[in-house]
Amino acid sequence: MSGEVAPPLARSTLDRAAHRRGDAQWLTEAWLRARVLVLDSTDQGRTLARTGTSPPALVLFGSADVPAGSESTAMFLGVEPDGVPVFAVDAPLPALPGTRAVNLREVGHLLADREAGIFTTALALVNWHTRHGYSTSSGAPTAMDEAGWSRVDRNGGRIWPRTDPAMIVLVHDGVDGPDGHCLLGNNASWPGTPGGRRYSCLAGYVEPGESAEAAVLREVREEVGITVERVGYVGSQAWPFPGSLMLGFLATADPTVPVQVDPSEIAYARWFSRREIGAALAGQTVDVGDGAGLLLPPPSSIALFLIHRWLDGWVDAGQ
């Protein structure tokens, strides 16, 4: 049993306090007493965590202790339950004994709710600012505004952070017990792993004018030639690599229908039993051909969350 009640990056304890983003006087005072997460956008958005702690503990600095000059990149994330404001800055990570640099993929699932929310929000904002130095309408340079929640050009044209909606679905046969099967694929763009082959849920971006449910039907049909039914929403989480919102679904399909992959999207796709998935999660080798063992999605992903839901018997989103 996974024991998870929410996707790993869908947890937070912050009050975002959006009404404070335009209050310059309050923000100035809040910065002086803030906790600050330092992220380095030039190094995969890494931040510092203390070594030897379980779960990992992120390092939050006082505003007087952040790298010199980084206050110009300060982004207001929200207010903690104890009333202390939290900011993030984009700067090279300082050398600090007893710490190591970590990325969100590596530790997101291990963090406490508080730190998962802080890290996920900060990384999403940092990645958005990194990619939007110019206005999408005028082409003019933009500068950070509204405590990091917008950018504005010299003529007052404003842009706000956006996330790209994407669906991800675990397709299964609707059968309970160890003989139930789910359909997983290996994306054609994924790098190879010696001795292993990664399989995950099918996923794709929601297109303009399309609902998330319609995207599930279309993507599965396009990628593996299968028609799904009983599409049920499970949950969502941010995936700031660089800026997606993953909408998680379960859906059923007939496992006797031949799988026909689109080789430009999917290199391999096949049905796996609960026995096989359970064995892989337990560290046992599950042969997927060519001497490769089954590798499952990383723990911080919503894909593994969906697999656990199905493995634990939660096969219908309505249950």
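**Reading a sheet and its helices**

Biologist: Which strands does helix H3 (residues 113-131) lie across?

Modeller: Helix H3 (residues 113-131) lies across E1, E4, E5 and E6, at about 55° to E1. Contact means heavy atoms within 4.5 Å; axes are lines fitted to C-alpha atoms, for helices over the stretch in contact, with angles from 0 to 180 degrees between N-to-C directions. Helices (H or I, at least four residues) and strands (E, at least two) are DSSP runs, numbered from the N terminus. This is a predicted model: local features need pLDDT of at least 70, side-chain atom pairs count only at pLDDT 80 or more, and totals for chains, interfaces and linings use all residues. Residues are numbered from 1 along each chain as its sequence is written, and side-chain values use heavy atoms, with hydrogens and water left out.

Biologist: How many residues of H3 are buried?

Modeller: Buried means under 20% relative accessible area (1.4 Å probe, protein chains only). In H3, 14 of the 19 residues are buried, so H3 is largely enclosed by the rest of the structure. E6 is likewise largely enclosed, because 5 of its 6 residues are buried.

Biologist: What is the strand order of the open sheet?

Modeller: Two strands pair if DSSP finds at least two bridges between them. The order of the 4 strands is E4-E1-E6-E5, with mixed pairing. At the edges, E4 (60-62) and E5 (75-79) each pair on one side only.

Biologist: In which sense do E1 and E6 pair?

Modeller: E1 (residues 35-39) and E6 (residues 85-90) are parallel, over 5 bridges. Val38 has Val89 in E6 as its bridge partner, and Leu37 has Ala88. E5 and E6 run antiparallel, joined by 4 bridges, and Met75 stands opposite Ala88.

Note on methods:
Buried means under 20% relative accessible area, exposed over 50%, partly exposed in between (1.4 Å probe, protein chains only).
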